[in-house]
Amino acid sequence: MQTVGKLMKVFVTRRIPQEGMKILSAAGVCEVSLWDSDEPVQRAELLKGVQGAHGLLCLLSDKIDAEVLDAAGPNLKVISTLSVGFDHLALDEIKKRGIRVGYTPDVLTDATAELTVALLLAAARRLPEGVEEVKNGGWSSWKPLWLCGYGLSGSTVGVIGLGRIGMAIARRLMPFGVNRLLYSGRTAKAYAAEVKGEFVPLDTLLSESDFIVVSCSLTPETLGLCDKAFFSKMKNTAVFVNSSRGTVVNQEDLYEALSSGQIAAAGLDVTTPEPLPTDHRLLTLKNCVVLPHIGSATYSTRGIMGALSAQNLLGGLQGTDMPSELTF
Ligand code: NDP
Ligand code: DGY
């Protein structure tokens, strides 16, 4: 473990972009203990590292529950997560203890939407298969019936969760010539007018969409939302894309849907677990493209996320405004 500076105690659970570390060092108000690795901190080290901490800067892979909060003790004033998703935080326990939470909305919206569009196109147009055929000699000539997929032009796209990222995905997809943009969620959104979004019941979205993009947050209601019944309502020619959280999808049911021809293809940026074991059967399917949770992974976005998470942490430590405080 590496120690930088002094004063209030802060535990940072991973190497983070230097933009964030610089802000913490320059502030001169905290002593930073860093889990100095690109790999996740082990649970025992996390429980040790947070002891007596006033601030915790964590990642989506760190489960922050009552045990961690108890290990931290009464000094803990602020938890800053380097993510927009906060399903790894036990908010009820955090609230009970009066701890403030910072997160990183907006700054990663464009990067995540862009990656989701790339994943959709990769799955729909069979890009990984094509690349593989070039390398393994399967490309014998231009063939009229070979490696055909599905195009966006004239299609119906369904977005489950038209929030910041869902809307940014919709904005990017419309110029491909999408005919109808359907969305489902808890409430209709006035801003959906910009993409001519139609708020529809989930069943309508499932049966009418050619592409289904999941961009909702993980909540008790969305946990396991995409299951056997869900896939059975989709068109056989439809493409399914998930860039929200892995547990929104029942992966066994997705495997059955993909291998039986119930649906055409899938693109996943998030899985359960992460990493997905290399012998997982989803990885045996040509019509399933799996990425290692890289939605927000551009250099600049990660730098800005690092800076924002550091500023949030400092705001919480000093009892001042945080640039992005979660209200819960
Ligand atoms: P927002 O809060 O802006 O959007 C979340 C959306 O989820 C809202 O529109 C909400 O709709 C919707 N939602 C909630 N419950 C349901 C439900 N039961 N059915 C359908 N929709 C629902 O968050 P962001 O767009 O900023 O981020 C969304 C998620 O994306 C994050 O929580 C995170 O899990 C994931 N993410 C993944 C990344 C990656 O690398 N792959 C990168 C960044 C984020 P309503 O308003 O109607 O409740
Ligand atoms: C998040 O922020 O929630 C993503 O999953 C990673 O950027």
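Guide: Contact here means that heavy atoms lie within 4.5 Å of each other. The model is predicted. With that cut-off, and leaving aside residues up to four places away in sequence, Thr-112 touches Ile-165, Gly-295 and Ser-296. Thr-112 belongs to helix H5, which covers residues 109–124. Its relative accessibility is 7%, and buried means under 20%, so Thr-112 counts as buried.

Two of these partners lead to the ligand. Ile-165 is among the residues that come nearest to ligand 1, together with Arg-164, Arg-186, Lys-189 and Asp-269, out of 28 residues around it. Gly-295 approaches ligand 1 through its backbone: one of its N or O atoms is 3.2 Å from a ligand oxygen atom.

In Lys-189, a side-chain N or O atom lies 2.4 Å from an oxygen atom of ligand 1. For His-293, the corresponding distance from a side-chain N or O atom to a ligand oxygen is 3.4 Å. Ligand 1 taken alone exposes 930 Å², of which the protein buries 87%.

Sorted by class, the shell around ligand 1 consists of 15 polar, seven nonpolar and six charged residues.

As for annotation, an unreviewed UniProt entry lists residues 10–325 as "domain: D-isomer specific 2-hydroxyacid dehydrogenase catalytic". In the model, that span is 34% helix and 15% strand, and the C-alpha atoms at its ends are 18 Å apart.

Terms used: Residues numbered from 1 in each chain as written. Chains lettered and ligands numbered in written order. Predicted model: local features only at pLDDT ≥ 70, side-chain atom pairs only at ≥ 80, totals over all residues. Heavy atoms only, no water. Near = heavy atom within 4 Å. Polar contact = N/O pair within 3.5 Å; in protein donor to acceptor, adjacent residues only side chain to side chain. Areas by Shrake-Rupley, 256 points an atom, 1.4 Å probe, with all protein chains shown as cover. Nonpolar A, V, L, I, M, F, W, Y, C, P; charged D, E, K, R; others polar. UniProt positions renumbered as here; feature names shortened; annotations may be inferred. Helix = DSSP H or I, 4+ residues; strand = E, 2+ residues; numbered from the N terminus. Buried < 20%, exposed > 50% of the residue type's maximum accessible area, 1.4 Å probe, protein only.
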